[in-house]
Amino acid sequence: MNRRTLLGLLLAFGMMRVALAQEEKKTFSSQELDQILASIALYPDSLLSQVLMATSYPLEIVEAARWSKANPNLKGDAAVAAVKDQSWDVSVKSLVAFPAVLMQLNDHLDWTQKLGDAMISQQQDVADSIQRLRAKAENAGNLKSGPQLTVTSQGSGDDRTIVIEPANPDVIYAPSYNPNWAYGAWSDPGYPPVYYPPPPAYGYGTLLATGLMWGIGIAAAGAMFSSWNWGRGNSYVNVNANRAVNIDRNFDRNRYTNSGRWQHEVAHRRGVAYRDAATRQQFGQQRPGADQRQQFRGQLANRPQGGAGPNVGQGGARANLGQGAARPNVGQGGARANLGQGGGQGGGRPNVGQRPGGQQRQMGQNRGGGRPSALSGVNRGGQVNREAARGRAQQGRAASHPRGGGGGRGGGGGARGGGGRR
């Protein structure tokens, strides 16, 4: 093997390693998962599963939160019924029943997006983290059955599975708590738990350093359509299609004919980039990830409140009214000769409407030198007609006085033809 062949093989091997590295999925460590799940791991199983499904659709969460703010008197099953015809995923629709939960996700989109990324790519690891956290809370004596929740442990020691259900299936509570209290001494200070206290306006009262804050129980039995299928090494969210169709008129139950296991639906992602190249390839999204993952944050400010408007952030390519790129300049006829050209001698005379120095003003362009407005060029028809009439009149005068070169002025400016001899 000669040296050139060896170098070629080494280069090809290096390129292969780069390609494989780009295709690898970026995973969250167990410490990172515990960190981001700590503040919701003690939710009832059904609410927790629907929160995690919804976080994979961050733009729709923002739309739903804006709808909820615009309809502050609606919550629970009544709110869910009101959004039945919206285009959001069924998990997002279900969360309008719980305004406080929805607002936390909306107000902390970085956290929300991490939860969604983990749920899409590491559902089993997410389940393991939830059970790990619940075991810590139970060991610390802070997770017990009560009027709001029923806590059931199956197994023992590290092989426990802890199930949390509403004490009354018709009334759902979303507890708020300080993770630094709930789980005892936090095991890894390098990854402190995420905690966003809810505002008192949602019925949670004064912030407590210890204990669970329950807020207001919400009548939302009709909003619940999922649960966790807990299995050591095979845990996943289970979707009840028969209940989901009552929440979402657009729900496709055929997706769950053979299995109730949750399936992420890329259409509801609304173009938000996935975390890594492998996930983008899995869902057919061919676009750069690092830059695009931040796109929706700056675009949301202009999104319609109702959530049914056009795509976020689009419209940048819309032409200003009155700016026709292919339109001729004012007074210029397509094949019209330069005025004052008698016998082909006055070749330097400008076209009608052409400005000295080669500058041309297009129809509809602002005179103020600033950026054209959306309405620039509107209602200028009269001006255009007057300028065109002046151009025709000057042409007529030039034709009636055929002179070799100088003298006659062009309609658009004061430049004299330079062809005539004096």
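Helices here are DSSP runs of at least four residues, numbered from the N terminus. All the views below come from a predicted model.

View 1. Let's start with Thr279, which sits in helix 12, spanning residues 277–282. Thr279 has a relative accessible area of 2%, and buried means under 20%, so this residue counts as buried. Look for its side chain making a polar contact with the side chain of Ser121, at 3.5 Å. Setting aside neighbours within four places in sequence, Thr279 also touches Lys25, Ile120 and Tyr274, along with Ser121.

**View 2. Helix 3, wrapped by the rest of the structure.** Helix 3 covers residues 45–54, and ten of its ten residues are buried, so the rest of the structure largely encloses this helix. Among the buried residues are Asp45, Ser46, Gln50 and Met53.

**View 3. Tyr183 in the largest nonpolar core.** This core holds 72 residues, and Tyr183 joins Leu37, Leu52 and Trp228 as those touching the most other members. Beyond its neighbours within four places in sequence, Tyr183 is in contact with residues including Ala38, Leu42, Leu133, Lys136 and Tyr177. In soluble globular proteins, nonpolar side chains tend to be buried together.

**View 4. Helix 7 meeting helix 8.** Here helix 7 (residues 99–107) packs against helix 8 (residues 109–121) at an angle of about 100°, with 5 Å between their axes. The two helices are therefore roughly perpendicular. Helix 7 brings Gln104, Leu105, Asn106 and Asp107 to the contact, while helix 8 brings Leu109, Trp111 and Thr112. By type, these contact residues are three nonpolar, three polar and one charged.

Definitions and conventions. Residues numbered from 1 in each chain as written. Predicted model: local features only at pLDDT ≥ 70, side-chain atom pairs only at ≥ 80, totals over all residues. Heavy atoms only, no water. Buried < 20%, exposed > 50% of the residue type's maximum accessible area, 1.4 Å probe, protein only. Polar contact = N/O pair within 3.5 Å; in protein donor to acceptor, adjacent residues only side chain to side chain. Contact = heavy atoms within 4.5 Å. Core = buried A, V, L, I, M, F, W, Y, C linked by side-chain atoms within 4.5 Å. Axes fitted to C-alpha atoms, helices over the stretch in contact; angles between N-to-C directions. Parallel < 35°, antiparallel > 145°, perpendicular 65-115°, else oblique. Nonpolar A, V, L, I, M, F, W, Y, C, P; charged D, E, K, R; others polar.
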